[in-house]
Amino acid sequence: MKTAFTVVALLAFAVAIPVPDKDAQTLRFDNAHNGIDGYNFAVETSNGIKQEEQAELRSFGEDNAAIVVRGSYSFIADDGQVYTVNYIADENGFQPEAPHLPRV
């Protein structure tokens, strides 16, 4: 009986979770690969999500090379505001930057 109640409770919880913008459409998708030297892409959807990213192979000394990524994404939150995050990922790790993110 306890198991049946747990299953019903989990099912009710799963059904109650809203699926925001499940019908969102892709408005724009640009994509270019430059072989092993890098890539760039941009995507925009009808629900206000946007992302752009560029990457390039960069040398860090004689024997070290890595892809360095720069980009941004934005979305419309439940409060109606557009939030944008700019980021870089390089030899120092992933570094997001935005006014709404806490600073360390």
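The following questions and answers describe a predicted model.

In this predicted model, local features need pLDDT of at least 70 and side-chain atom pairs count only at pLDDT 80 or more, while totals for chains, interfaces and linings use all residues. Residues are numbered from 1 along each chain as its sequence is written, and side-chain values use heavy atoms, with hydrogens and water left out.

Visitor: In what order do the elements of the protein run from the N terminus on?
Guide: Helices (H or I, at least four residues) and strands (E, at least two) are DSSP runs, numbered from the N terminus. From the N terminus on, the order is α-β-β-β-β-β-β.

Visitor: Which strands are the edge strands of the sheet?
Guide: Two strands pair if DSSP finds at least two bridges between them. The six strands form an open sheet with antiparallel pairing, in the order S1-S2-S3-S4-S5-S6. Each edge strand pairs on one side only, and these strands are S1 and S6 (93-97).

Visitor: Which residue in the turn between S1 and S2 has a positive phi?
Guide: Strand S1 (residues 26-33) and strand S2 (residues 38-45) run antiparallel and are joined by seven bridges. In this pair, His33 stands opposite Tyr39 of S2. The two strands form a hairpin with four residues between them, and the turn residue with a positive phi, about 65°, is Gly35.

Visitor: What is the bridge partner of Val43 in S3?
Guide: S2 and S3 pair in the antiparallel sense over seven bridges. Ala42 stands opposite Glu52 in S3. For Val43, the bridge partner in S3 is Gln51.

Visitor: Is Leu57 buried, partly exposed or exposed?
Guide: Leu57 lies in strand S3 (residues 50-59). Buried means under 20% relative accessible area, exposed over 50%, and partly exposed in between (1.4 Å probe, protein chains only). Leu57 has 36% relative accessibility, so this residue counts as partly exposed.

Visitor: What is the accessible area of the nonpolar patch that Ile36, Leu57 and Ile67 form together?
Guide: Like charges are joined within 9 Å, and nonpolar side chains (Val, Leu, Ile, Met, Phe, Trp, Tyr) within 5 Å. Areas come from the Shrake-Rupley method with a 1.4 Å probe, and for residues only the protein chains shown count as cover. For Ile36, Leu57 and Ile67 together, the area is about 290 Å².

Notes
Patch = residues over 30% accessible without salt bridge, like charges linked within 9 Å, V, L, I, M, F, W, Y side chains within 5 Å. Salt bridge = Lys/Arg side-chain N within 4 Å of Asp/Glu carboxyl O.
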